Amino acid sequence: MNGASKITTEHRARSAVVYVRQSTVMQVREHAESTARQYGLSGVAVELGWTAEQVMVVDADLGVSGRFGSERDGFRELISRVCLGEVGAIFGLEVSRLARSSAEFARLLELARLTDTLLIDGDGVYDLGDVNDRLLLGLKGSMSEALCGRPHKASYANPSVMPTWRGKLFAPSKIWLPSSA
């Protein structure tokens with residue numbers, strides 16, 4: 001994994017938290033492959049040096065919109081554990097999508113920086129004490145928020161984390177273009 005050298009014994013001495021979520025109940029039903037991939041991140045944490053007992057899965061937000069973090073019990077639990085210094089790393093398919101608003105995501109990044117908590121996704125390991133990692137995640141978070149506001153809901157910047165349909169990437173068959181008046 002890109003950046004695995006950033007993981008220290010101090011990180012591994014704390015919990016690894018896998019944050020699992022889908023925005024709607026329909027997504028939970030129709031995108032079971034994505035949910036399974038999220039749960040599979042527990043195995044990634046073990047491969048990176050955490051014991052199975054240290055890996056905690058927070059899935060209370062399955063089917064709950066990410067628009068307002070205060071309404072997501074799992075996200076509140078995640079933030080609480082980070083603030084208490086219990087978390088060495090947070091795992092997600094695309095960590096820039098942990099929060100839907102830039103303000104909420106910036107708070108998470110700052111708390112992770114203050115408690116030396118890593119964020120880990122398919123692109124690599126992010127150490128928020130490193131200005132380059134902080135900048136990159138900040139940009140990715142802003143892009144994610146902007147894309148979520150688009151009418152076509154193209155919220156997945158990375159197609160490898162898009163919801164799948166029977167093991168294949170889903171792509172719309174038609175592209176709508178406005179006609180000239």
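Is the crossing of α5 and α6 left-handed or right-handed? This is a predicted model, and the crossing of these two helices in it is left-handed.

**First stop: the helix pair**

To see this crossing, select residues 73-83 for helix α5 and residues 102-114 for helix α6. Their axes come within 9 Å and cross at roughly 30°. Angles under 35 degrees count as roughly parallel, and α5 and α6 are therefore roughly parallel to each other.

Next, display the side chains where the two helices meet. On the α5 side, select Phe75, Ile79, Val82 and Cys83; on the α6 side, select Glu104, Leu108, Leu111 and Ala112. The residues of this contact divide into 7 nonpolar, no polar and 1 charged. Glu104 in α6 is the charged one, since Glu counts as charged.

**Second stop: the loop between β3 and α6**

Move to Ser96, which lies in the loop joining β3 (87-91) to α6. Is Ser96 buried or exposed? Its relative accessible area is 1%; buried means under 20%, so Ser96 is buried. Now show what surrounds Ser96: leaving aside neighbours within four places in sequence, the residues in contact with Ser96 are Phe105, Lys140, Gly141 and Ser144. Of these, Phe105 falls within the 102-114 range of α6 selected at the previous stop.

Select Asp116 in the loop between α6 and β4 (118-121).

**Last stop: the whole chain**

Clear the selections and colour the protein chain by secondary structure. The chain contains 7 helices and 7 strands. Followed along the sequence, these elements are arranged as α-β-α-α-α-β-α-β-α-β-β-α-β-β.

Switch to a surface display. The protein chain exposes about 9900 Å², and carbon and sulfur atoms supply 59% of that area. Of the 181 residues in the chain, 40% are buried. Finally, turn to the contacts across the chain: among those with a separation of 6 or more, 70% are between residues 24 or more positions apart.

Key
Residues are numbered from 1 along each chain as its sequence is written. This is a predicted model: local features need pLDDT of at least 70, side-chain atom pairs count only at pLDDT 80 or more; totals for chains, interfaces and linings use all residues. Side-chain values use heavy atoms; hydrogens and water are left out. Helices (H or I, at least four residues) and strands (E, at least two) are DSSP runs, numbered from the N terminus. Buried means under 20% relative accessible area, exposed over 50%, partly exposed in between (1.4 Å probe, protein chains only). Contact means heavy atoms within 4.5 Å. Accessible areas come from the Shrake-Rupley method with a 1.4 Å probe; for residues, only the protein chains shown count as cover. Axes are lines fitted to C-alpha atoms, for helices over the stretch in contact, and angles run from 0 to 180 degrees between N-to-C directions. Angles under 35 degrees count as roughly parallel, over 145 as roughly antiparallel, 65 to 115 as roughly perpendicular and the rest as oblique. A crossing is left-handed if the near helix is turned anticlockwise from the far one by less than a right angle, and right-handed if clockwise.
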